[in-house]
Amino acid sequence: MENGKGIMEALNLPAFGYKIKKTEGKTWIFDAIRKKYLVLTPEEWVRQHFLNYLIQHLHYPKGLIAPERGTTYNTLAKRTDICVYNTAGKVQLLVECKASSVKISADTVQQATTYNQKIKAPFVVLTNGLEHFCWQVDFANLTTIPLTDIPKYPQL
């Protein structure tokens with residue numbers, strides 16, 4: 001995970017003052033939403049950067065963000081990477097994070113789409129930290145509209 005320049009590879013997301021510790025032979029990163037250290041994996045590196053981006057740059061309130069929320073799909077237990085709620089408690093933005101080494105492909109789009117069939121978030125983001133894709137979902141017409149930017153809070 002360490003590359004001589006830093007903890008992990010630089011991403012196409014703003015840098016931030018993350019907290020790292022090493023214990024039990026593992027590297028851990030602090031999650032400011034869950035207020036605990038998590039094992040630092042390539043996907044967690046992307047998730048923590050994207051959480052920071054949502055909070056610090058797009059101004060989403062921490063209290064409306066839920067990382068790794070459990071859901072079920074066809075009786076299978078699944079975990080969404082990030083759900084952002086509105087003040088009424090409805091998911092408005094679903095974010096699926098992948099490690100930077102994972103290319104955003106039709107399979108990753110299908111995974112997010114499958115999760116969103118149950119969650120019904122009007123906005124979906126896929127990111128590997130290097131590339132970011134965002135769509136607005138129109139459930140009434142069963143269409144998706146690609147967006148050039150991720151909506152800022154409170155535009156959702």
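1. A residue is called buried when its relative accessible area is under 20%. In this predicted model, Asn116 has a relative accessibility of 3% and therefore counts as buried.

2. Asn116 belongs to helix H2, which covers residues 106-119. Leaving aside residues up to four places away in sequence, the contacts of Asn116 are Leu94, Ala121, Val124, Val137 and Phe139.

3. Elsewhere in the chain there is an open sheet of three strands, arranged in the order E1-E2-E3 with antiparallel pairing. Its edges are formed by strand E1 (20-23) and strand E3 (36-39), each of which pairs on one side only. On average, and with direction ignored, neighbouring strands of this sheet are turned by 40 degrees against each other.

4. Looking at one pairing in detail, E1 is joined to strand E2 (residues 26-31) over four bridges in the antiparallel sense, and Ile20 has Ile29 in E2 as its bridge partner. Helix H1 (residues 42-57) packs on the sheet, where it touches E2 and E3, and the direction of H1 makes about 20 degrees with that of E2.

5. The length of H1 can be checked by simple reasoning: at 1.5 Å a residue, its 16 residues should span 22 Å, and because the end C-alpha atoms are 22 Å apart, the expectation and the model agree.

6. The buried residues of H1 include Trp45, Val46, Phe50, Leu51, Leu54 and Ile55, and also Glu44, Arg47, Gln48, His49 and Asn52. Just after H1, His59 adopts a positive phi of about 65 degrees.

How values were computed: Residues are numbered from 1 along each chain as its sequence is written. This is a predicted model: local features need pLDDT of at least 70, side-chain atom pairs count only at pLDDT 80 or more; totals for chains, interfaces and linings use all residues. Side-chain values use heavy atoms; hydrogens and water are left out. Helices (H or I, at least four residues) and strands (E, at least two) are DSSP runs, numbered from the N terminus. Buried means under 20% relative accessible area, exposed over 50%, partly exposed in between (1.4 Å probe, protein chains only). Contact means heavy atoms within 4.5 Å. Two strands pair if DSSP finds at least two bridges between them. Axes are lines fitted to C-alpha atoms, for helices over the stretch in contact, and angles run from 0 to 180 degrees between N-to-C directions. The expected span of a helix is 1.5 Å times one less than its number of residues.
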